[in-house]
Amino acid sequence: MQANCESSELLWAIARPSDATQIHRIAAEVRDWDSVLRLALEHRVLPMLFSRLADMGATVPPAVQERLQAEYNANMLHNLTNAVELIAVLKTLENEMIPAMPFKGVVLGASIYPDPATRPAGDLDLLIHYRHLARAMTLLLERGYELKTIVRADGTPIDPNDTFEYRFERQADGMVLELRWTFELIKPKFRRDLGLDWVWPRRRITMLAGAEVPDMGPEITLLVLCMHGGKHAWSRLIWICDVAQLLASSPTLDWKEVTREAKKTGLCRALAFGILLAHRIGGATVPPAILRGFEADTTASTLTRHIQQNLFDAPGTTPMGVMPYSIQLLDFRDRIGYLSSLDFLRPNERDWATLSLPKPLHSLYYLIRPFRIFWDRSAR
């Protein structure tokens, strides 16, 4: 949807820690509130819009105030329903000695937002060990869920290298739950073991609807949010707000651990991209030295500028270039790994015969191969 300037400016303002006077001035100039509401709905920030405009008085038309109030109340009820179900599912899994880590959704809202009702929650998302998948699936079926993911007759994934989650739906109330056993940045599989063994040791406890539930520590949550946003080309404003709000709610965030873990897991580019967006769009405060390091990543800076310019008018688009967006997200070693998974780019005997390299430099054959192919075709 093509966004008008008034709608865009207002959403930019509510995404940042703008003062009430500034938001009041922008809201007073809005003529097409239907466009504002449509854009806020698309970017999942309607409840946040209500919260920031709640005290605007006559600036916001009564019909708009009523719509926003209704959306906020509906989201609050939806979040509570999700929270109750999540607590029950976690208890069921715990009784069977199945550790599970909820992420995103209501747990994220409860852990980083002052008012959890301002953060919409969609599905229930749970991370488990793959070895517990069959038993967890049985337990969910007993709770009335139906498996919507296409699987083999024995219940295993058709392609375990390309399927990392099972989607369940319950007809009785429309509840949707996804079981996941690893995170991935791109497909084919982002080749890191980013599963429960990665997040569980750094877990913390978050209060959700009066119950204690496991939650990822802020450092891991930050990486997961940046990975998720990057995977979807940061096509929704709420995902940028999540990163900004996480930084605001975690003043003691261990940046050394974050950057160390990002290097270990190949998420440096995804992290830099997410932090730059949270800083430039969400107004997040980032330590100067850390920010300078991320700004030095020219690819991350280029991607950030593209999102800033296209978030509302062309969400989900990626910059044109010789290198696909998904490859740009990867660190150098993972680019090599990704390219090596593509058969047509894999070096063969003819590439090895072109130039003799010592074994430690064999990765350079991936750079040599395109030139060798071009040379061969030019010589025909």
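Leaving aside its neighbours within four places in sequence, P47 is in contact with Y72, N75, A117, T118 and P120, where contact means heavy atoms within 4.5 Å. The model is predicted: local features need pLDDT of at least 70, side-chain atom pairs count only at pLDDT 80 or more, and totals for chains, interfaces and linings use all residues. Residues are numbered from 1 along each chain as its sequence is written, and side-chain values use heavy atoms, with hydrogens and water left out.

- P47 is found in helix α4; helices (H or I, at least four residues) and strands (E, at least two) are DSSP runs, numbered from the N terminus.
- With a relative accessibility of 5%, P47 counts as buried; buried means under 20% relative accessible area, exposed over 50%, and partly exposed in between, with a 1.4 Å probe and protein chains only.
- From C-alpha to C-alpha, P47 and P116 lie 9.9 Å apart in space, while 69 residues separate them in sequence.

**Helix α4 against helix α5**

- The axes of α4 (residues 46–53) and α5 (residues 62–95) come within 8 Å and cross at roughly 125 degrees, which makes α4 oblique to α5.
- Axes are lines fitted to C-alpha atoms, for helices over the stretch in contact, and angles run from 0 to 180 degrees between N-to-C directions.
- Angles under 35 degrees count as roughly parallel, over 145 as roughly antiparallel, 65 to 115 as roughly perpendicular and the rest as oblique.
- On the α4 side, L46, P47, L49, F50 and L53 meet R67, L68, Q69, E71, Y72 and N75 of α5.
- The residues of this contact between α4 and α5 comprise seven nonpolar, two polar and two charged; Ala, Val, Leu, Ile, Met, Phe, Trp, Tyr, Cys and Pro count as nonpolar, Asp, Glu, Lys and Arg as charged, and the others, Gly among them, as polar.

**Helix α9 against helix α11**

- Helices α9 (residues 218–231) and α11 (residues 255–265) have axes that come within 9 Å and cross at roughly 45 degrees; α9 and α11 are therefore oblique to each other.
- E219, I220, L222 and L223 in α9 meet W255, E257, V258, E261 and A262 in α11.
- In the contact of α9 with α11, six residues are nonpolar, none is polar and three are charged.

**The five-stranded sheet**

- Five strands form an open sheet with mixed pairing, in the order β1-β2-β5-β4-β3; two strands pair if DSSP finds at least two bridges between them.
- The edge strands, each pairing on one side only, are β1 (101–102) and β3 (146–147).
- Two bridges join β3 and β4 (residues 165–169) in the antiparallel sense, and F168 in β4 is the bridge partner of L147.
- Helix α7 packs on the sheet, touching β3, β4 and β5 (176–180), and its direction makes about 170 degrees with that of β5.

**H132**

- The loop between β2 (124–127) and α7 (133–142) holds H132.
- H132 is buried, with a relative accessible area of 17%.
- Not counting residues up to four places away in sequence, H132 touches M97, I98 and P99.

**The hairpin of β6 and β7**

- Strands β6 (residues 203–208) and β7 run antiparallel and are joined by six bridges, with T206 opposite V213 in β7.
- The hairpin has two residues between the strands, and A209 takes a positive phi near 50 degrees.
- Five of the six residues of β7 (residues 211–216) are buried, so β7 is largely enclosed by the rest of the structure.
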